[in-house]
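Thanks for asking me to look this over with you. Keep the picture open while you read my notes.

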Amino acid sequence: MSNGLWGTLPIQGTQFAKDWDALYTFLFWVCAFFFVIIVVPAIFFIVKYRERPGIKPASHIEHNSILEFTWTVIPTILALIIFAWGWEVYKKTTQIPPNAMTVRVVAKSWNWSFQYDDGRIVQTDMYVPENTPVRLLITSEKNDVLHSFFVPNFRIKKDAVPGMFTTTWFESGMSGQHLIFCTEYCGASHSNMMGRVVVLSKDEFEKWKWGKDVQLPPPVGPEFLNWDQQASAEVDLRKDAHAKGLNQLAQQGAQVVQSMGCVSCHSSDGSARIGPSYHKIFGREAVLADGSKVQVDENWIREKIETPHKRTLAGYQVGLMPSYKGLMTDSEIFAVIEYLKSLN
Ligand code: HEC
Ligand SMILES: [Cu+2]
């Protein structure tokens with residue numbers, strides 16, 4: 001296994017890891033190079049030209065154009081290379097492949113839970129198939145604090161913010177257990193707020209998806225000490241979820257929309273009720289009362305559910321839609337979003 005810079009960097013579990021490590025290694029050698037060519041001569045001159053009897057002070061040198069030009073242009077070029085390189089890699093981390101599977105991540109003090117398209121929720125461990133792009137839709141539970149989702153082996157890190165969705169993605173070809181850390185100080189058990197990304201072969205993942213027992217691949221890199229307790233709790237949960245049957249998340253969303261009474265104002269077939277229809281709502285541009293536009297995405301739907309009066313669609317009276325803040329859990333909101341997506 002190739003660990004960059006004499007093993008000081010974590011294992012490279014994704015292409016991002018390789019890309020970031022290449023940039024990091026470049027930065028390291030640039031720093032090392034300039035440290036040597038600046039500090040070594042500086043020490044040499046300090047010793048050689050130190051003040052002592054018989055040595056005359058140097059004449060006062062005002063300026064040297066060639067020298068100044070050089071020490072401005074070279075660092076500028078280097079800084080631009082570093083910027084462009086960083087930008088390229090950063091762009092890759094934000095451009096999520098359209099065929100990516102979605103896993104919804106909810107942080108709470110102090111654990112992680114993961115919700116799948118089939119509605120299943122697992123604690124602590126996120127199971128994913130290898131060589132498959134996985135999009136993470138991340139949030140922190142209502143009234144909880146900021147957390148941050150970090151998988152060192154994958155070099156991905158994203159804040160988890162209550163009341164907001166953030167996204168990132170990864171694709172790992174390295175089956176095994178990869179540690180998850182919370183990397184935003186969040187209180188007493190912050191350092192225990194760990195989990196694992198369990199990367200399985202595609203076949204094994206398929207088995208796991210259908211609630212069958214799978215052989216856990218070995219940990220890659222550092223291990224989490226309290227695994228045993230956590231892992232057994234997780235297995236029970238999985239069995240439980242399976243017993244309830246593999247509900248489709250979108251189907252759950254349809255039930256939520258029924259039971260919350262959204263359907264009295266919103267149809268799903270394009271017909272107008274008090275509010276606009278959900279038909280083909282996801283991804284379209286909505287025009288607001290002040291003429292500005294907003295794309296209907298996860299955050300917009302959540303905003304309408306929790307704080308509907310903040311921004312109102314053009315052509316509608318302010319305050320028609322009631323707020324559901326505190327009445328719906330994050331997993332219900334995820335389910336509603338999935339349901340609205342399914343109407344496209
Ligand atoms: C009493 C009627 C009413 C109920 C109940 C209601 N809404 Fe609304 N909703 C509206 C109206 C009116 C608008 C458009 C005006 C506005 O933006 O507030 C709207 C707008 C929306 C939008 C934005 C639509 C777009 O085209 O961008 C979403 C999303 C939404 N509602 C979701 C929901 C969900 C989910 C529920 C149930 C949890 C719900 N609404 C319950 C009346 C309602
Ligand atoms: Cu945390």
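1. The protein chain of this predicted model has eight helices and 12 strands. Both are DSSP runs numbered from the N terminus, helices (H or I) of at least four residues and strands (E) of at least two. The radius of gyration is 27 Å, well over the 20 Å from the globule rule for 344 residues, so the chain is more spread out than a compact globule. That radius is taken over C-alpha atoms, and the rule is 2.2 Å times the number of residues to the power 0.38.

2. Along its principal axes, the C-alpha trace spans about 95 × 55 × 35 Å.

3. Now for ligand 1. Around it are 25 residues, and Cys262, Cys265, Gly275, Tyr316 and Met321 come nearest. A residue is near if its C-beta atom, placed from the backbone, lies within 6 Å. Helix H7 (residues 298-306) gives the largest share of this shell, three residues.

4. How far can you trust the model? Its mean pLDDT is 87, and 92% of residues reach 70 or more; pLDDT is the predictor's confidence in each residue, from 0 to 100. Over residues 227-246 the pLDDT is below 50.

5. Two reading notes to finish. Residues are numbered from 1 along each chain as its sequence is written, while chains are lettered from A and ligands numbered from 1 in the order in which they are written. In this predicted model, local features need pLDDT of at least 70 and side-chain atom pairs count only at pLDDT 80 or more, whereas totals for chains, interfaces and linings use all residues.

Notes
Contact = placed C-beta atoms within 7 Å.
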